[in-house]
Every structure is written in structure tokens, then in C-alpha cells.
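These notebook entries record what I looked up in one structure.

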Amino acid sequence: MSQPIYLDYAATTPVDPRVAELMMRHLTLDGTFANPASRSHMPGWLAEQAVEGARRQVAELIGADPREIVWTSGATEANNLALSGYMRANAERGHHLITSTIEHKAILDTASALEAEGFNVTRIAPQSDGRISPESLREALRDDTVLVSLMAVNNELGSINDLETLGTIAREHGAAFHVDAAQAPGKVKIDVSQQPIDLLSLSAHKAYGPKGVGALYVRRQPQVKIDALIHGGGHERGMRSGTLPTHQIVGMGEAYRLSSEQFDIDQQHLIALRAQFLAGLREIEGVHFNTDIEVSVPHILNLAFDGVEGEALLMALRGIAISTGSACNSASVEPSFVLTGIGVSRPLALASLRFSFGRFTTIADIDSALSELRHALSALRA
Ligand SMILES: *Cc1c(COP(=O)(O)O)cnc(C)c1O
């Protein structure tokens, strides 16, 4: 059987071949394989140089100073470090954390763990377009609020938050602003030198880098204090110990460099793919848009179809790799909490599918996916 057409880029992207090639040069004896913390020999210095080069590339994509980048195992760990690390380090100033009901589980479950430790959490409900309104944030802020954590781009809907406005409100109330930006690189421009952001989580594998590596941006001026979660050799200025995975880190650096270099090309490609997909959808009856395309990234479309169940449709669409809701929640049969969170009814949420495209998707892929979709829908609706 031929490979299905991959339309699940929001779950993960394939590694760009240019990134894979560079990573392979940092693994074997003839490459830059040494421990970047080895200070006593040339192979160690070369590995350190590679890591620091990648740190500059990641910093550059978001307008940060390289010293503000802390390597982690991904955005999940970065989110844990941001929330638990900040709340614990700043506990004498207050115990209140604000987030939203439609964040990634890495935020929501960390927030629940913090509640069990004695912290207080407010979870704001989003608007029906998937964005957090400034008014709802203002209402949630309290005198003891020390941190606000909201995502840049929602992974199930594609909705983009207004980080300038939300961050400004948080800071006016003396709270720090954390952003889960796992879905942003190459899709939405981030510039922490201009935007009111104090902590920001990144992942490599949503932007054509490898899985298993990410970073937390930690502002230096004014300095943001966080407690480490992982203790050991004092790597990453004491904020995250553990031998740095040179090959993963150079992969993330190169992926981000490419995302920056071809931002406009990627963006135009995604817009063209969406236009093609939307034109095809117009010929299909009973399509509901959970994604508000006016306020969302071009490559994520969350849709529901009248008269069919999501699972049945997914089974019928064997030639397309897509997901119901989010990969992170695919173990459960419950409707997506993100969809019910923006007010989508339970039956419609259960009939919803997320299509997401990327750099390697072609117009022909979109056409094939549309024709499969038309056939599956007419068979199931008959
Ligand atoms: C994928 C994702 C994460 C988790 O990132 P990992 O690097 O896979 O741990 C966190 N938040 C959002 C919004 C994501 O899309």
C-alpha cells in the first residue's frame, strides 16, 4: 500500500532533509560527537561551538539574546519549567497563576500539579474564535497573580492570540507573561525584544526539526527568576542540568534558521494550499468550520461534517493521515476539550477532524485529499 498523504503537520513535521544531514554530522567518531561540557580537549570545544551556534540561531528567530535560551527536551518540559519553576521561585510574591481552558495538556496538567502544591489557578474561557479576550484576562487578574500563561497559536484550532495586548495587561498588574509558542516558529513572527513576553516555550519538531529537543526563553532584563526542576551538573546556568544532546540541538538551530530564511516562501505556500482546500470544501455540503480562518494560521483547519461521526470518517479516509482533535489526547474517546471549550456541541466535536499542511505538502496532495473526502462523505451519508 502506498503511504497515506500526510496532513497532520500540527502533530509533528517531518525533519527537513537539510536538518537531518547536519544532525548526522554530530554523532559519529568522524563528526562533532564529543560532550559539549568537556573543557579539556578540542573535540569538546568543537561540540560546544556547535551548541552555541545553534543557541544563536534559536535566539535570532525570536529576537532574544543567546544567554536567554535554556535547552530542554521539548516544549512539554519548557512549559513545566516555566510554570513550576516560576511559581516556586516567586512564591513569596503571590500564589496565583492564570491560564486558559484550551491550553496544551503540558500547561493544564502542570497547573493542576501546582494546585496540589498549594498554588491557585484561574483558567480563562476563550472566545468562540479560540482567542483570549483582553477583558477576560483583566477580570481574572488578582493582587496575588504572579504569572499569566497563554499560548501563541492553538494546536487544534490554529487561532492566534494577541500577545502584545495580553502581555501588556499582565505586566501592568505586575505579573510575568509566559507564552507556549510551540506552534509559532515559521508561522507567526515572535520578537521578544519588542513584545511583552518574559518566558516562552519552543519545540523543534513542529518546525521541521527533530523530536526530543526544545527550549525555554528566560528574560534577562528585567531578570526573570525560575527554580530548576532537573538537578545535576549545573548546565544551562543552573536552570536545566544534563549533558546537552549536540545533534538534537544543531538540528533545532538549523530548522529555526531555515524557518526564518524561508518564512515568506513557507507562508505563501501554506496560503496557496489553504486556498485550494477551501475551494474544494465549497463543493461539499454540511461542512462546519471550528477554525475561524480570519484569526488563524493558514495551515490548520479544524472541520466537522454533518451526518457522519469523526471516527467513522477517519476510518474511511485511510489514504490521508489526519487527526481527530489533538494527537496529545488521542487515547481518549471524549470530545476534544478545546472544541467544547470554544462552545462546539458534543456531537459536532465528536465529528470533527483537524487537517494541517506544511512545507512538503503539494497542491496535488490537497486535490487527492479532497477527492477522498468527497467519496468518504457520500458513502457514509448514503
Ligand atoms: C506540541 C506542543 C507542545 C509539546 O511540545 P513537545 O516538544 O512535543 O513536548 C506544547 N504546546 C503546544 C501548543 C504544542 O503544539
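**Entry 1: Glu 60.** I located Glu 60 in helix 2; helices here are DSSP runs of H or I with at least four residues, and strands are E runs of at least two, both numbered from the N terminus. I note that the model is predicted, with local features needing pLDDT of at least 70 and side-chain atom pairs pLDDT 80 or more, while totals for chains, interfaces and linings use all residues. Residues are numbered from 1 along each chain as its sequence is written, and side-chain values use heavy atoms, without hydrogens and water.

Is Glu 60 buried or exposed? Glu 60 is exposed, because its relative accessible area is 64% and the cut-off for exposed is over 50% (buried is under 20%, partly exposed in between; 1.4 Å probe, protein chains only). I also checked Glu 60 against Ser 133: the two are 73 residues apart in sequence, and their C-alpha atoms are 29 Å apart in space.

**Entry 2: Trp 45.** Helix 2, which spans residues 42-62, also holds Trp 45. Trp 45 has 40% relative accessibility and therefore counts as partly exposed. With Met 42 and Leu 46, Trp 45 forms a nonpolar patch on the surface, and the three have about 300 Å² of accessible area together. Areas come from the Shrake-Rupley method with a 1.4 Å probe.

**Entry 3: Asn 290.** I found Asn 290 in the loop between strand 9 (287-289) and strand 10 (300-305). With a relative accessible area of 7%, Asn 290 is buried. Which side chains does the side chain of Asn 290 contact? Its side chain makes a polar contact with that of Asn 302 at 2.9 Å and another with that of Ser 352, also at 2.9 Å. A polar contact is a pair of N or O atoms within 3.5 Å; within protein, one must be able to donate a hydrogen and the other to accept it.

Entry 4: A polar side-chain atom of Thr 76 lies 2.6 Å from one, and a polar side-chain atom of Gln 183 lies 2.9 Å from one. The protein covers 89% of the 380 Å² of accessible area that the ligand has on its own.

Key
Patches are made of residues with over 30% relative accessible area and no salt bridge: like charges are joined within 9 Å, nonpolar side chains (Val, Leu, Ile, Met, Phe, Trp, Tyr) within 5 Å. A salt bridge is a side-chain nitrogen of Lys or Arg within 4 Å of a carboxyl oxygen of Asp or Glu.
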